Amino acid sequence: MSLKTRTDQPLNLPAQDFTSFNYGSVVYCKTPVILDYLMDYMGSENFDKAMRFYYEQFRFKHPTPQDFTKTLSFFSGMNLDWFLEHLLKSRDHIDYKIKKVRQNEDGSFSLKIKNKTGIQTPINIYGFKNGKPVGLVWYNGFEKTKELSFPPGDIDYFKIDGLDKMPDINRKNNFIRAHGLFKKARPLRFNFITHFENPKKCQVNYIPILGANYYNKFMLGMALHNYGLYKSRFEYLIAPMYAFNTKSPVGFTEFNYNVYPGSVFQQITIGLKGKTFAYDWFSSKIKNDAFGTQYKDLYLNYYKIAPYLQLELKKKKATSQLHQVITYSNANLFTDSLDVTRMSDSIFKGAYKKNTYSFVNQLSYDLTNKRVIDPFRLHIDLQHTASMAKISASFNYRFTISRKYYFEARAFAGSFVAGSLANRYYYAFRPDGYNGSDDYLFDYNYLARNESAGLGYSQFTERDGNMKVPVLFGNSPEWMASLNVKSPRIFILPVKVFADLVFCDPKVLLKDQVLWDAGLNVSILSEMIEVYVPLAYSDDIARTLDLNNISFVNRVRFTLNIHKLVARNFIKDNFIGQ
């Protein structure tokens, strides 16, 4: 995987300079691969003689890569400088591709081969008949494109590196049929959940999926994707679903194209995300009872299309724990709403909806240090529409006491930089994070987005001020700052103590100039399902909750961060990584 993502390292480094992943994948996996390739090129007899001599000559000594290649060159009679320079001392990658094949009048074949990386290493081409090799020719390495001759024979197909011994980073372009149409077409293969990459097949992975929310109710569908252990240049996820309550298609999709420049940026991803679900409804029951009609309830949907560009900056040192990512996205939102202009008070002919377009452009920067002791993350976010702009930053820091115990602290600050008050209110900073109706980008997943009680009302996402108690005022179209802390676990229990402080524009407050709360956090599934039980909070918060008859049960809140289950990572970690 590190070869494809250009995060691999040369073999001739000191052990301490390897990342933990590369120490396994490069030192212990790449080494036998390139030696097997070399033995195939030299011949096993010459290779064995050279290795025996090398062992006797240099045991209990400290040989260099040059000593190794000189020994091999002597016994093979070949110039192996390419092996030293390209496979031992560098991160050079090999990728030969078969472009065309034609059969000549004398029965021989001409194959047009392209060297996609320009690294000149020996290449072998096999001819196959009925799935068995019937011919092999080795060729010297070359740059760019070259036409190679293959002797006459009864051959079904050709394959570069027919026995899969070359350290080729892309085996999908190594195959071509000798005759017929669609010479490069590969048989289609469907895999349940996922599968290791098979260059001989065109693989499509599938997995049944189900979901539910308050409006669509139960949803059933199928996800088609090509996620696997190795990152592909092009990745896709298509997940259509059927909602049984609204009797409509819903679902989500994502397409990514990954580029690995290996210079300033480690990875550049050009992507597109899309999804649609119901997010609200209008009940026709009261109107039907009043007018004696039987019109159906009206469900309101949102449709989101968001192209984006993500730039991962290259680390100065491979073992560094610092990760820097810049992302720019353009969220295009098509949102249904109730069209009250078409509804009369004197007669009821059913509810109507209209669809409104809006967009939000977003530029963000993430700096993450994944060190074991005291890790942290800085997130800076700039959002703008045609009528407003705002900037915010959050800093999460974990103070490590021991491997299992740590304090968590988060600081947040945000301010609007453009737009009138009227245009800012919809995008105002929230003191108590986001519930479903606050998520104007439709980034997160909620059981219910527009309910005033019940389980859906209690779900929230930890954003902005990040207070854990519902706050019915204080949304600020000016500025906001907050400090949020959590204690370590209480003994072995999955319980922590939390406290929050929020400062914001005084014009949106009541009597209290600072909002605060404190209580218990029960961690059911870390960072995924967290339950917060507020036990104390500001007088103004308590007063407004009492006036609005918000019960203690509805003051208890929880997070359900399904959005953190990134499909490609979830599949890789849970079905391949085991």
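Begin by selecting helix 4, residues 81-88, where 6 of the 8 residues are buried, so that this helix is largely enclosed by the rest of the structure. Buried here means under 20% relative accessible area, with exposed being over 50% and partly exposed in between, for a 1.4 Å probe and protein chains only. Helices (H or I, at least four residues) and strands (E, at least two) are DSSP runs, numbered from the N terminus.

Before going further, note that this is a predicted model, in which local features need pLDDT of at least 70 and side-chain atom pairs count only at pLDDT 80 or more, while totals for chains, interfaces and linings use all residues. Residues are numbered from 1 along each chain as its sequence is written, and side-chain values use heavy atoms, with hydrogens and water left out.

**Around helix 4**

Colour Trp82, Phe83, Leu84, His86, Leu87 and Leu88, which are the buried residues of helix 4, and then show what covers them, which includes helix 1 and helix 3 (65-76).

Next select helix 1, residues 20-42, whose axis comes within 12 Å of that of helix 4 and crosses it at roughly 160 degrees; axes are lines fitted to C-alpha atoms, for helices over the stretch in contact, and angles run from 0 to 180 degrees between N-to-C directions. Helix 1 and helix 4 are therefore roughly antiparallel to each other, on a scale where angles under 35 degrees count as roughly parallel, over 145 as roughly antiparallel, 65 to 115 as roughly perpendicular and the rest as oblique. On the side of helix 1, Lys30, Ile34, Leu35, Tyr37, Leu38 and Tyr41 meet Trp82, Phe83, Leu87 and Leu88 of helix 4, where contact means heavy atoms within 4.5 Å. The residues of this contact divide into 9 nonpolar, no polar and 1 charged, with Ala, Val, Leu, Ile, Met, Phe, Trp, Tyr, Cys and Pro counted as nonpolar, Asp, Glu, Lys and Arg as charged, and the others, Gly among them, as polar.

**The open sheet and a hairpin**

Now move to the open sheet, which 3 strands form in the order 1-2-5 with antiparallel pairing; two strands pair if DSSP finds at least two bridges between them. Its edge strands are strand 1 (96-103) and strand 5 (145-150), each of which pairs on one side only.

Then select strand 3 (residues 123-129) and strand 4 (residues 132-139), which run antiparallel and are joined by 7 bridges. Tyrosine 126 stands opposite leucine 136 in strand 4. These two strands form a hairpin with 2 residues between them, and asparagine 130 in the turn has a positive phi of about 55 degrees.

**A glycine in strand 12**

Finish at glycine 251, which lies in strand 12, residues 248-259, and is buried, with a relative accessible area of 7%. Leaving aside residues up to four places away in sequence, glycine 251 touches Ala239, Met241, Gly274, Lys275, Thr276 and Phe277.
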